[in-house]
Amino acid sequence: MDFSEPGEIADIRAAVRALCADFPGEYWRGLEPDRHPTEFVQALTDHGWLAALIPEEFGGSGLELGAASAILEEVCASGCNAGACHAQMYTMGTILRHGSAAQKAAYLPRIAGGELRLQAFAVTEPDAGSDTTAIKTRARKVDGGYVVDGQKIWTSRAEHSDLMVLLARTTPAEEVEKRTDGLSVFLVDLRDRGSELTIKPIKTMINHATTEVFFDGLELPPESLIGTEGQGFRQILDGMNAERVLIAAECIGDGRFFIDRATAYAGEREVFGRPIGANQGVQFPLASAHMAIEAANLMRWKAAWLYESGEPAGAEANMAKFLASEASWQAANAALDTHGGFGFAAEYDIERKFRETRLYKTAPINNNLIQAFVGQHVLGMPRSY
Ligand SMILES: Cc1cc2nc3c(=O)[nH]c(=O)nc-3n(C[C@H](O)[C@H](O)[C@H](O)COP(=O)(O)OP(=O)(O)OC[C@H]3O[C@@H](n4cnc5c(N)ncnc54)[C@H](O)[C@@H]3O)c2cc1C
């Protein structure tokens, strides 16, 4: 077993870190509460990092999943927020895996080149979060395409995207044998829309540009359907493993940020005449969080390796996301405690990253649902959801 990191990944890390150095804490603080980090996303796009997973024939760099995940890890470890752009990496996979040759040729090179932004992924609805098959947004087949009516919620980055991947019901739930049937995936052009598509921002505890999207008779041409009508749930599901690995890598990066900042502070800050890091009460939570991050990181690389080898990776990808998000949250709390009152001061960036990393226990999938998945599919226990 070889745990050494290939030189290619070390090069990626160094280059991403150099780019992120132009976007220090002051930049992110200046955006709060909700200005979009347009310059940062543009810089990543210009350097080709968001096209990492797009094959070279379509103008991307055709990296493997593990190497691509190192990009997002370094973004987070540098104190930046990958939430503003990570979706392009995994949403694009829907076109790559299920799009027709014409759709790939029409969109992938323009996404890779930065001409089109594909950052929005509309699945969740007010009454359908963890239970995706309960979605009600309806795409009715009509002469000349589809007409969409319904509502999505938590559609992040829709205001900063040209294209959106949409999951909608093409056959009503009452008319299908299984609720996982009758769902379809569409690529929606968000530019030049009228009142049939309304986007409303939702204020949250983080700068995430998340929104509600209302569809009122939105007409879609037939070529906006991706893959096979009625098979959308499975199409979305098979992109999830890559997404889980990428999110795990972000959490590992966040965790490294917290540990780096907190250990430095623990060495400098003197209380009762000695560095606070000399106290076990300060040192042990950081050591413990570091171990949790390292362990989660092993699962992340195992999941990436399985995925890249074409092996089933569902269990490991889910476990990596769970372990990494729990570890980064552990590190966030240890870092906040280490900084004492200063942990709450915006200028230290701990409280901002604390809020940002908390999201990953909840989204894109709640950690409860991962435990339910592992209980049922890995341990063979009764279905709980
Ligand atoms: C900032 C932000 C950005 C997001 N961005 C996007 C996006 O871009 N696109 C998108 O489609 N969605 C997005 N989401 C939505 C996210 O994926 C959902 O919030 C998440 O899947 C959970 O769904 P829910 O909020 O409806 O919670 P619910 O499904 O209502 O669950 C509420 C709680 O009950 C628990 N629970 C429910 N059933 C069970 C069970 N059987 N066993 C154990 N526990 C259970 C859940 O784990 C959770 O703790 C985003 C969410 C946030 C907060």
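This is a predicted model: local features need pLDDT of at least 70, side-chain atom pairs count only at pLDDT 80 or more; totals for chains, interfaces and linings use all residues.
Helices here are DSSP runs of H or I with at least four residues, strands are runs of E with at least two, and both are numbered from the N terminus.

Residues are numbered from 1 along each chain as its sequence is written, and side-chain values use heavy atoms, with hydrogens and water left out.

Now, the spaces. On a 1 Å grid over the protein atoms alone, a cavity is a set of points where a 1.4 Å probe fits but cannot get out, while a pocket is an open set with protein on both sides within 12 Å along at least five of seven lines; a lining residue has an atom within 4 Å of a point. Points are joined across faces, edges and corners, and a volume is the space filled by probe spheres set on the points.

The largest pocket has a volume of about 1600 Å³. Its lining has 47 residues, and Gly129, Ser130, Thr132, Pro364 and Ile365 are the closest to the centre. Helix H5 (86-98), strand E3 (145-156), H7, H9, helix H10 (350-362) and helix H11 (367-378) each give two or more residues to this lining. Which helix gives the largest share? That is H7, with nine residues. By class, the lining has 20 nonpolar, 17 polar and 10 charged residues; Ala, Val, Leu, Ile, Met, Phe, Trp, Tyr, Cys and Pro count as nonpolar, Asp, Glu, Lys and Arg as charged, and the others, including Gly, as polar.

Let's stay with Pro364 for a moment. Pro364 sits in the loop between H10 and H11, and the peptide bond from Ala363 to Pro364 is cis, with omega near 5°. Most peptide bonds are trans. Another cis bond runs from Glu32 to Pro33, with omega near 5°.

On to the second largest pocket, at about 640 Å³. Of its 19 lining residues, Asp2, Phe3, Ser4, Trp301 and Trp305 lie nearest the centre. Helix H8 (280-308) contributes the most here, with seven residues. Where does this pocket lie? Domain 1 (7-112) and domain 3 (234-378) both give residues to its lining, so it lies between them; the domain bounds come from an automatic or database assignment.

Among the residues lining the largest cavity are Tyr90, Arg97, Phe121, Gln235 and Glu243. H7 is again the main contributor, giving the most to this lining with five residues. Domain 1 and domain 3 each supply at least three residues to the lining.

Last, a look at H7 and its partner. Helix H7 (residues 232-268) packs with helix H9 (residues 314-338) at an angle of about 20°, their axes 8 Å apart. Axes are lines fitted to C-alpha atoms, for helices over the stretch in contact, and angles run from 0 to 180 degrees between N-to-C directions. That makes H7 roughly parallel to H9, a label for angles under 35 degrees, with over 145 roughly antiparallel, 65 to 115 roughly perpendicular and the rest oblique. The residues of their contact divide into 16 nonpolar, seven polar and three charged.
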